[in-house]
Amino acid sequence: MRRRAGDSALAATATAPRHRHRHGHTTPHGPEHHRLLALLACHDAPVARSQLADWLWPEREPAEARRNLRKVLPQAHRLCSTLAQAPPLELVGAQLRWRPASDLHEFLHACDGPDAMRAVLAYRPSLLAGLDAGLSDDALEWLARQRAWLDERWHAAARRWLAQLQHTPQAQAAAAEQILAHDPLDEAALRALLQACTALGSMFAGCSFTHAQNGLLLTQGLDTVLGQRFLDRFQDNPTA
């Protein structure tokens, strides 16, 4: 029976073991063919086999690392054949390519579209979380750049979503709360939340005292008078 690819960070690695949680120390990882497919699914273009071997087996000599890659390729091919609607693993000269549908691609597609809310809600932080232990330094540097780039794309989508709701303060406040659930110190969301709740003339039901405090902490670029007014209102009537 063909398995469903799943909605993990990469559809290819839905069944990959993850031995520790996202924010803690990650101990050695799942099967190498899972990590191979995960790395390939993060790339639009084919990736050189020699680079993949170096990334996955940094402690081995290059020739041995390439042998290890050849050994796991049949396992990767078999895994692809069991994933519902997944494309086959492609060999392109001395390169490999695998482009399955994934939540990563869904997020990037949403970022390029008109629906900023869809992009914000589609984001899954920490690309390849749990599958990065044992990768080479070069691979970890690449992964750090990718994570930073994706995080910036998310923040840009969040700012765009808030801007789209600037004339509907209650909807803007609700959107800001969702953004702050992901990043409690997002400056644009804090500003939007303070302004929206002030415009409404009463506390928004979902707003927390922590968010009001955070608005005051971010003094640079924020209207601190607005933030203090908001905090005072919360203290006067925290359940409003």
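A residue counts as buried when its relative accessible area is under 20%, as exposed when that value is over 50%, and as partly exposed in between. Keep that scale in mind for Leu128, which counts as buried because its relative accessibility is 2%. The structure you are looking at is a predicted model, and we can walk through it from the overall fold down to single residues.

Let's begin with the whole chain. The protein chain has 10 helices and 3 strands. Following the sequence, these elements come in the order α-β-α-α-β-β-α-α-α-α-α-α-α. The chain has 240 residues, and 44% of them count as buried. The accessible surface comes to about 12,500 Å², with carbon and sulfur atoms supplying 52% of it.

Now to how helices meet. Two packed helices are described by the angle between their axes and the distance between the axes. For helix 1 (residues 32-41) and helix 3 (residues 62-82), the angle is about 75 degrees and the axes are 8 Å apart. Angles of 65 to 115 degrees count as roughly perpendicular, so helix 1 is roughly perpendicular to helix 3. On the side of helix 1, the contact uses Glu32, His33, His34, Leu36 and Leu37. Helix 3 answers with Leu69, Val72, Leu73, Gln75, Ala76, Leu79 and Cys80. Sorted by class, this contact holds 8 nonpolar, 3 polar and 1 charged residues.

Helix 1 also has a part in the surroundings of helix 4 (103-111). Helix 4 is mostly covered, with 7 of its 9 residues buried. The buried ones are Asp103, Leu104, His105, Phe107, Leu108, Ala110 and Cys111. What do these buried residues of helix 4 pack against? Their partners are helix 1, helix 5 (116-122) and helix 6 (137-164).

Next come the charged pairs. Side chains of opposite charge can pair when their charged atoms come close. With a cut-off of 4 Å between a side-chain nitrogen of Lys or Arg and a carboxyl oxygen of Asp or Glu, the count in this model comes to 8 salt bridges. One of them joins Arg99 and Asp44, with N and O 2.6 Å apart. This pair links distant parts of the chain, as the two residues are 55 residues apart. Arg99 sits in the loop between strand 3 (95-97) and helix 4, while Asp44 belongs to the loop between helix 1 and strand 1 (47-48).

Another salt bridge is formed by Glu59 and Arg60, whose closest N and O atoms are 3.5 Å apart. Glu59 is exposed, with a relative accessible area of 53%, and Arg60 is partly exposed at 40%. Together with Glu64, Glu59 and Arg60 are linked in a network of salt bridges. A further pair is Glu152 with Arg159, where the closest N and O atoms are 3.1 Å apart. Glu152 is partly exposed at 41% relative accessible area, and Arg159 is partly exposed at 41% as well.

Pro58 deserves a stop of its own. This proline lies in the loop between helix 2 (49-56) and helix 3, and at 39% relative accessibility it counts as partly exposed. Leaving aside residues up to four places away in sequence, Pro58 touches Gly134, Leu135 and Ser136. The C-alpha atoms of Pro58 and Asp138 are separated by 9.3 Å, although these residues are 80 residues apart along the chain.

Finally, have a look at the backbone. Most residues other than glycine have a negative phi, and most peptide bonds are trans. Gln85 has a positive phi, near 65 degrees, and is found in the loop between helix 3 and strand 2 (90-92). Leu128 also has a positive phi without being a glycine, at about 60 degrees; its place is in the loop between helix 5 and helix 6. Where does each residue fall on the scale we began with, buried or exposed? Gln85 is exposed, because its relative accessible area is 79%, whereas Leu128, at 2%, is buried.

Notes. Residues are numbered from 1 along each chain as its sequence is written. This is a predicted model: local features need pLDDT of at least 70, side-chain atom pairs count only at pLDDT 80 or more; totals for chains, interfaces and linings use all residues. Side-chain values use heavy atoms; hydrogens and water are left out. Helices (H or I, at least four residues) and strands (E, at least two) are DSSP runs, numbered from the N terminus. Buried means under 20% relative accessible area, exposed over 50%, partly exposed in between (1.4 Å probe, protein chains only). Accessible areas come from the Shrake-Rupley method with a 1.4 Å probe; for residues, only the protein chains shown count as cover. Axes are lines fitted to C-alpha atoms, for helices over the stretch in contact, and angles run from 0 to 180 degrees between N-to-C directions. Angles under 35 degrees count as roughly parallel, over 145 as roughly antiparallel, 65 to 115 as roughly perpendicular and the rest as oblique. Contact means heavy atoms within 4.5 Å. Ala, Val, Leu, Ile, Met, Phe, Trp, Tyr, Cys and Pro count as nonpolar, Asp, Glu, Lys and Arg as charged, and the others, Gly among them, as polar.
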